[in-house]
Amino acid sequence: MSIRLKVVDRNGGEHEVETAPQGSLMETLRELDYGVSAICGGMCSCATCHVIIAPEWFEKLPERQSDEGDLLAELQFRQDTSRLSCQVQLKPEYDGLRVTLAPEE
């Protein structure tokens, strides 16, 4: 089984990405040529996997933990629906999830 993600790259290009509904969103995004760098490897310590979740999907995801919120608060390009993709675990019900890669800080 796989799910489809709708990914908007930093140039505004839209891509449909098929992936397994397991692991973190970051793990899928860092494999893309245009994806996130994820320097810390998913340890929630660098914010290089910052994405903006489409508003219609934001409330469907688990709430941010305090360490994620602290890192996001420091980012210049943070938006109300910003998340660190390392903190979003993919699930079958996220089929169609739309994310935009945040500008690199």
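This is a predicted model: local features need pLDDT of at least 70, side-chain atom pairs count only at pLDDT 80 or more; totals for chains, interfaces and linings use all residues.
Trainee: How many salt bridges does a search of the whole structure find?

Mentor: Side chains of opposite charge can pair when their charged atoms come close. A salt bridge here is a side-chain nitrogen of Lys or Arg within 4 Å of a carboxyl oxygen of Asp or Glu. Searching the whole structure gives a count of four.

Trainee: Which residue forms a salt bridge with glutamate 14?

Mentor: Helices (H or I, at least four residues) and strands (E, at least two) are DSSP runs, numbered from the N terminus. Glutamate 14 lies in strand β2 (residues 14–19) and its partner in strand β5 (residues 98–101), so the pair ties together parts that are 84 residues apart in sequence. The closest N and O atoms are 3.1 Å apart, and the partner is arginine 98.

Trainee: Is glutamate 14 buried or exposed?

Mentor: Buried means under 20% relative accessible area, exposed over 50%, and partly exposed in between (1.4 Å probe, protein chains only). Arginine 98 is partly exposed at 26%. Glutamate 14 has a relative accessible area of 56%, so this residue counts as exposed.

Trainee: What is the N to O distance between glutamate 31 and arginine 30?

Mentor: Glutamate 31 is exposed, at 61% relative accessible area, while arginine 30 is partly exposed, at 35%. Their side chains meet in a salt bridge, with an N to O distance of 3.8 Å.

Trainee: And how far apart are the closest N and O atoms of glutamate 68 and arginine 83?

Mentor: Glutamate 68 is buried, with a relative accessible area of 1%, and arginine 83 is buried too, at 2%. These two residues form a salt bridge whose closest N and O atoms are separated by 2.8 Å. The pair links distant parts of the chain, with glutamate 68 in helix α3 (residues 66–73) and arginine 83 in strand β4 (residues 82–84), a sequence separation of 15 residues. To repeat the distance you asked for: 2.8 Å.

Trainee: Aspartate 9 has no salt bridge, so what is the nearest side chain of opposite charge?

Mentor: Aspartate 9 sits in the loop between β1 (3–8) and β2. Its side chain reaches the backbone nitrogen of glycine 12 at 3.0 Å, and a polar atom of that side chain lies 2.8 Å from the backbone nitrogen of asparagine 11. For charge, Lys and Arg count as positive and Asp and Glu as negative, with His and the chain ends not counted. Aspartate 9 is buried, and at 8.1 Å the nearest side chain of opposite charge is arginine 10.

Trainee: Which residue lies over the face of tryptophan 57?

Mentor: A charge sits over a ring if NZ of Lys or CZ of Arg is within 6 Å of the ring centre and within 35 degrees of the ring normal. At 4.5 Å from the ring centre, the residue is lysine 60.

Trainee: What is the phi of alanine 47?

Mentor: Alanine 47 is in the loop between α1 and β3, and at 10% relative accessibility this residue counts as buried. Although alanine 47 is not a glycine, its phi is positive, at about 70°.

Note on methods: Residues are numbered from 1 along each chain as its sequence is written. Side-chain values use heavy atoms; hydrogens and water are left out. A polar contact is a pair of N or O atoms within 3.5 Å; within protein, one must be able to donate a hydrogen and the other to accept it, and residues adjacent in sequence count only if both atoms are side-chain atoms.
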